[in-house]
Amino acid sequence: MSFSGWFFFIFSLSLFAPVPISSSSEGVSNIAAEFLNYAKKGEVFDWIKSIRRKIHEHPELGYEEFETSKLIRTELDKMGISYKYPVAVTGVLGFIGTGKPPFVALRADMDALPLQEMVEWEHKSKIPGKMHACGHDAHVAMLLGAAKILQEHREDLQGTVVLVFQPAEEGGGGAKKLVEAGVLENVKAIFGLHVYPDLNEGKVSSTSGPLLAASGFFEAVISGKGGHAAIPQHSIDPILAASNVIVSLQHLVSREADPLDSQVVTIAKFQGGGAFNVIPDSVTIGGTFRAFSKKSILQLKQRIEEVIIGQAAVQRCNATVNFHGNEKPFYPATVNDEGLHEYFQDVAGDMLGVLNVKDMQPLMGSEDFSFYQEVIPGYFFFLGMKNETKGELASGHSPFFKINEDVLPIGAALHASLAARYLLQTQADTSTLNVKRHDEL
Ligand SMILES: [Zn+2]
Ligand SMILES: [Zn+2]
């Protein structure tokens, strides 16, 4: 049965059924399996893989994804999919379906990391010091895969799918810029995924409510007075002051935060001095802080600044603190919509089997997908890649990071099914409402 067939089948059922339309109706549940079969077809799978490899060979950092963006537009052109470009510097928005509401969005991030790839393989990064070590190359390839599936079934779409190819996820807050550009106006829901090396191939996981933490970054310059290391009384030692600052910052989570409210403060940068016998003028420290609630993240921000300045003063040093709000905006917590969680479980369960749809514990990592969720209901989930028979997978942001390419069709088909079924269901709900309104007249 075509989509339209399903739509009318469900729609007519809904006119008589006292219960809301269930997305697990037999016809609808076939969409996921049909899409997965399509994505696994030799030529489609090979095409998705080849895109991922091309992007992997040419990694680009946040807001510099010009070639990646060009590749995306070339593929969209080939498929006859209309798009808008540029959005937020390098971003691309594709549109598939009726061009009319309802609108549902699928998102992929495009940026790489400033890292030298250490994996020796045929498609190793050709750009020294840059690497797709978080899997965003796979995300783009999977979203293009979903575009192919959806475009193939465009006649059956009951609304419009918006493909969001987003720049600068790794700290640059590309999602924030896209939201500010108004890309989510009229969009009812958005879905995003991330590859996950710690979860088995064929499984997906996520949760309802908070999934990933809010995060911020800070950098502080602690200034004293440099001098001879053997005559400390003539200097003001910023290294000792910075050391005390770091120890004091550890108290924010261990002594001030509610133990049941997960938080992190990590100092990941400590730079100062260059000789064994010289006390330097200043030291720079920096790090990140994480929490799940807005209140806690703002509290941490305020206390980090107070502790750095106050503790530096104890050691007779001055300190300035910079939160780099422009280049590295605060990321809100990634909080999944409850209704979309149930919906996701249905769709993913139909495709992979209910036992392969896992509930996961929240993580202290963060994602700028959260900016979309501040505006509309959104759902973010992880796609398992682990398969020990194919070798071990390094964690994200490692120079040894690898993608298990066999999961690419799953991600593409999941994206496509989530969007297609969402439109089908929304349209059916709206039609039922209209009929009810008509009855009341
Ligand atoms: Zn990352
Ligand atoms: Zn990532």
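Predicted model: local features only at pLDDT ≥ 70, side-chain atom pairs only at ≥ 80, totals over all residues.
Domains to begin with. The protein chain splits into domain 1, covering 3-211 + 333-438, and domain 2, covering 214-322. Their centres, taken over C-alpha atoms, are separated by 40 Å. Where they touch, domain 1 contributes four residues and domain 2 contributes six residues. On the domain 1 side of that contact, three residues are nonpolar, one is polar and none is charged.

Next, H397. The unreviewed UniProt entry puts a "binding site" feature at H397. H397 sits in the loop between β16 (378-386) and α11 (408-440). Leaving aside residues up to four places away in sequence, H397 is in contact with L113, A133 and C134.

Last, the helix pair. Two packed helices are described by the angle between their axes and the distance between the axes. For helix α7, residues 238-256, and helix α8, residues 294-314, the axes come within 9 Å and cross at roughly 145 degrees. The crossing of α7 and α8 is right-handed. On the α7 side, the contact residues include A241, V245, L249 and L252; on the α8 side, L300, I304, V307 and I308 are among them. By class, the contact of α7 with α8 holds ten nonpolar, three polar and two charged residues.

Notes:
Residues numbered from 1 in each chain as written. Chains lettered and ligands numbered in written order. Domains from an automatic or database assignment. Contact = placed C-beta atoms within 7 Å. Nonpolar A, V, L, I, M, F, W, Y, C, P; charged D, E, K, R; others polar. UniProt positions renumbered as here; feature names shortened; annotations may be inferred. Helix = DSSP H or I, 4+ residues; strand = E, 2+ residues; numbered from the N terminus. Axes fitted to C-alpha atoms, helices over the stretch in contact; angles between N-to-C directions. Left-handed = near helix turned anticlockwise from the far one by under 90°.
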